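I opened the notebook to look up a few local features, one entry at a time.

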Amino acid sequence: MSRPEELTDPKKFDEIMERINTKLAISAIPLRERALMSQALLGDELDYDIADDDSVYPLTLEWYRKRFPGEKI
């Protein structure tokens, strides 16, 4: 299975992460847990096996660090 474009295009990745973060924020899930849970939701959104791509976790953490620079993750 080839890697989805959303994982390599920063703009598309940002859009999908915004959707995922909004869903998790509405559920009042703390930021650290949102970062961890985003991987599973990202895999569902993209129909992609995230477990086979070890670069996704650092990518999601970096997104959260940029989006919430003053928060501890």
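Predicted model: local features only at pLDDT ≥ 70, side-chain atom pairs only at ≥ 80, totals over all residues.

Is Ile 50 buried or exposed? I read 10% relative accessibility for Ile 50, so this residue counts as buried. Ile 50 sits in the loop between H2 and H3. I then listed the contacts of Ile 50, leaving aside residues up to four places away in sequence. Gln 39, Leu 42, Gly 43 and Val 56 touch Ile 50.

For H2 and H3 I get an angle of about 135° and axes 9 Å apart. That makes the two helices oblique to each other. The crossing of H2 and H3 is right-handed.

Which residues of H2 and H3 meet? From H2 I noted Leu 31, Arg 34, Ala 35, Leu 36, Ser 38, Gln 39 and Leu 42. From H3 I noted Val 56, Tyr 57, Thr 60, Leu 61 and Tyr 64. By class, this contact of H2 with H3 has 8 nonpolar, 3 polar and 1 charged residues. Gln 39, Leu 42 and Val 56 are also among the contacts of Ile 50.

Next I checked how H1 and H2 cross. Their axes come within 10 Å, and the angle is roughly 120°. H1 and H2 are therefore oblique to each other. I logged this crossing of H1 and H2 as right-handed.

The H1 side of the contact holds Phe 13, Ile 16, Met 17, Arg 19, Ile 20, Asn 21, Lys 23, Leu 24 and Ala 25. The H2 side holds Arg 34, Met 37, Ser 38, Leu 41, Leu 42, Glu 45 and Leu 46. I sorted the contact of H1 with H2 by class: 10 nonpolar, 2 polar and 4 charged residues.

How many salt bridges does the structure hold? I find 7 salt bridges.

I began with Glu 45, which pairs with Arg 19. Their closest N and O atoms are 3.4 Å apart. Why does this pair tie together parts that are 26 residues apart in sequence? Glu 45 lies in helix H2 and Arg 19 in helix H1, so the bridge ties those parts together. Glu 45 counts as partly exposed at 32% relative accessibility. Arg 19 counts as partly exposed at 43%.

Glu 45 also meets Lys 23 in a salt bridge, at 2.8 Å from N to O. Lys 23 lies in helix H1 and Glu 45 in helix H2, so this pair ties together parts that are 22 residues apart in sequence. I read 46% relative accessibility for Lys 23, which counts as partly exposed.

A network turned up as well: salt bridges with shared partners join Asp 14, Glu 18 and Arg 67.

The next pair I looked up was Arg 3 with Asp 53, whose side chains meet at 2.6 Å, N to O. Arg 3 is partly exposed, with a relative accessible area of 34%. Asp 53 is buried, at 10%.

Most residues other than glycine have a negative phi. I looked for exceptions. Ala 28 has a positive phi, near 60°. Ala 28 lies in the loop between H1 and H2. With a relative accessible area of 63%, Ala 28 is exposed.

Where is Asp 47 placed? I found Asp 47 in the loop between H2 and H3. Phi of Asp 47 is positive, about 50°, although the residue is not a glycine. Asp 47 counts as exposed at 64% relative accessibility.

Methods:
Residues numbered from 1 in each chain as written. Heavy atoms only, no water. Salt bridge = Lys/Arg side-chain N within 4 Å of Asp/Glu carboxyl O. Buried < 20%, exposed > 50% of the residue type's maximum accessible area, 1.4 Å probe, protein only. Helix = DSSP H or I, 4+ residues; strand = E, 2+ residues; numbered from the N terminus. Contact = heavy atoms within 4.5 Å. Axes fitted to C-alpha atoms, helices over the stretch in contact; angles between N-to-C directions. Parallel < 35°, antiparallel > 145°, perpendicular 65-115°, else oblique. Left-handed = near helix turned anticlockwise from the far one by under 90°. Nonpolar A, V, L, I, M, F, W, Y, C, P; charged D, E, K, R; others polar.
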